Amino acid sequence: STIACGHSATRPRAPRRGRVFTIRRSISLSGWGISPQAARDVEAANAVEAKMGDKALAKGVGVFDFAWRRVPMRWRLPGRRTRRVTAALLLVVVLLNQVTPGAWHSRSARGSSGPGEICAEHEPGSRGDAATASLRARLIAVLEERSRDVDGASEASNPTAPTNNSPQRLDDTKFTVVLNTFQRRDLLKKAVAHYARCGDVAEIRVVWSEQVPAPTENDADARLYFPNPTAKRSDRPKIKYDPHPTTSIQNRFDVKGVTTTAVFNIDDDVRMPCASLAAGFRAWRRNRNVLVGYFPRLHVWRKEMCQHQYVWDTFSMWRHGEMSIVLTKAAFMKSEYLRLYTERLPDDARKYVDARKNCEDVAMQLLVTAVSREPPVWVKQPTWHFVYAKLINIGVAGISKGANHHDLRGKCVTDLSRILLNGQDADEDGNVGGEKFGDTPLIASRLKPWRDKKY
């Protein structure tokens, strides 16, 4: 119906959203990543295929191209938005592969044991308490004897000096960086330059196990191994290279003449920010008897495997919610623990570690926990640094990248505990026989980062 003025009484319909969207897309093809020329080329190829059919294959068109043309054009030529989403998904996959691979691997490992291997009668229990107490008494006696010898020598040389229970009157305000490296010169140079800028570092001791002369300050490229002071720190810490006659991975704990109470063990491929390093040092000063580190791990007894499982990936750690080990690739400890490891670790345990070129950090954690009877302390690193470290270490060669590395470490926890607690001997290849006891000095605690309310 119409009114007097001749216009319709109903309002005109608004354009559909779909039509507007289609118009905008056709106008801005380049913004979606589909150029007019590319669209024309695809349509021409489709026309040839529709005309010639299967004969197109005889004209030189591959099977892949033939199948690819069956894919809709909007999927063949994704826009910028799709490319960004795809790149983001690929990045997520890479990160997940870095932090969660052990979750699936551990599940398959758990189900690989047969029924004959079940050893429930050897599960960890109260019988290990007496063995741990005996080990602790022996280790503490060694530390006290060492302390008395040092204090006696100091008083003899200076009778008027005040007595102090601290060995060698060590500097307690700063710490020594013990840097472990082997045939990775680029990483070594970057690590030395980085830690030389951190304010609480008194000295940098580089564990030199390469069977070639260590760098000296008289070399032509000395500035790369002995960096000059920077604007951030005008007084460069002392840098010393400690050569060793062997390539044993246990050389990292054979460092003599340390002048500070605390040492920070670090690998050349790990660079903790100076602020995180200072936070870790504060945490250690509140927890002097234990290892304080940035990379927590956990041991879990698996009776179907007759040994401990080594839990290491981020997903599994959070799933269990506990920790019992911190890696010495970035950890604070008492300097006297270096001597304790070098002089008092049983020869069978040293032989076991050298045979596998692995697990020296597990042996150190066993010793420290046996002495302190306390779990280690975890200091959380910044999230940005955690992600950055995962990305830059992709493709970097190392012991931890080897096959079955983490399965081996679970066996290390079991065997080294047996050597320390039960006195079981290892053969020439480092294999431990005897009873399959599962007791260990390690103590699990809640997976919770250290928070110092004072700071």
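Arg356 lies over the face of Tyr352, 3.8 Å from the ring centre; a charge is taken to sit over a ring if NZ of Lys or CZ of Arg is within 6 Å of the ring centre and within 35 degrees of the ring normal. A further case is Lys329, whose charged end sits over the ring of Phe295 at 4.3 Å from its centre. The structure is a predicted model, in which local features need pLDDT of at least 70 and side-chain atom pairs count only at pLDDT 80 or more, while totals for chains, interfaces and linings use all residues. Residues are numbered from 1 along each chain as its sequence is written, and side-chain values use heavy atoms, with hydrogens and water left out.

Turning to the overall make-up, the chain has 17 helices and 12 strands, where helices (H or I, at least four residues) and strands (E, at least two) are DSSP runs numbered from the N terminus. Of the 455 residues in the chain, 41% are buried, a term that means under 20% relative accessible area, with exposed over 50% and partly exposed in between (1.4 Å probe, protein chains only). Contacts, defined by heavy atoms within 4.5 Å, can also be sorted by separation along the chain. Among those with a separation of 6 or more, 79% come from residues 24 or more positions apart.

Seven strands form an open sheet with mixed pairing, and their order is β3-β2-β1-β4-β10-β5-β11. Because β3 (238-243) and β11 (377-378) stand at the edges with a single partner strand each, one side of each is left without a neighbour in the sheet. Strands are said to pair if DSSP finds at least two bridges between them. Strand β2 (residues 201-208) runs parallel to β3 and is joined to it by six bridges; within this pairing, Ile204 has Ile239 of β3 as its bridge partner. Helix α9 (residues 185-195) packs on the sheet, where it touches β1 (171-181), β2, β3 and β4 (260-267), and its direction makes about 165 degrees with that of β2. For such angles, axes are lines fitted to C-alpha atoms, for helices over the stretch in contact, and the values run from 0 to 180 degrees between N-to-C directions.

Together, β1, α9 and β2 make a right-handed β-α-β unit; right-handed here means that, with the strands pointing away from the viewer, the path from the first strand over the helix to the second runs clockwise.

A further open sheet has three strands in the order β7-β6-β9, with antiparallel pairing. Its edges are formed by β7 (307-311) and β9 (325-326), each with a single partner strand, so one side of each lacks a neighbour in the sheet. Two bridges join β6 to β9, and Pro296 has Val326 in β9 as its bridge partner. Helix α17 (residues 405-422) packs on this sheet, touching β6, β7 and β9, with its direction at about 130 degrees to that of β7.

The C-alpha atoms of Val326 and Val362, 36 residues apart along the chain, are separated by 8.7 Å. Val362 lies in α15 (residues 360-372) and counts as buried because its relative accessibility is 1%. Beyond its neighbours within four places in sequence, Val362 is in contact with Arg409, Val413 and Leu416.

Aromatic residues complete the picture, with 13 aromatic pairs in the structure. Rings of Phe, Tyr and Trp (its six-membered ring) pair if their centres lie within 6.5 Å; planes under 30 degrees apart count as stacked, over 60 as edge-to-face and the rest as tilted. The rings of Phe264 and Tyr294 are edge-to-face, because their planes stand at 90 degrees, with the centres 6.2 Å apart. This pair links distant parts of the chain, since Phe264 is in strand β4 and Tyr294 is in the loop between β5 (292-293) and β6 (296-302), 30 residues apart. Both Phe264 and Tyr294 are buried. Trp318 and Trp378 form an edge-to-face pair too, at 6.2 Å centre to centre and 70 degrees between the planes. Trp318 lies in helix α12 (residues 314-320) and Trp378 in strand β11, so this pair ties together parts that are 60 residues apart in sequence. Trp378, at 8% relative accessibility, counts as buried. One aromatic cluster is formed by Phe175, Tyr195, Phe264, Phe281, Trp284, Tyr294 and Phe332.
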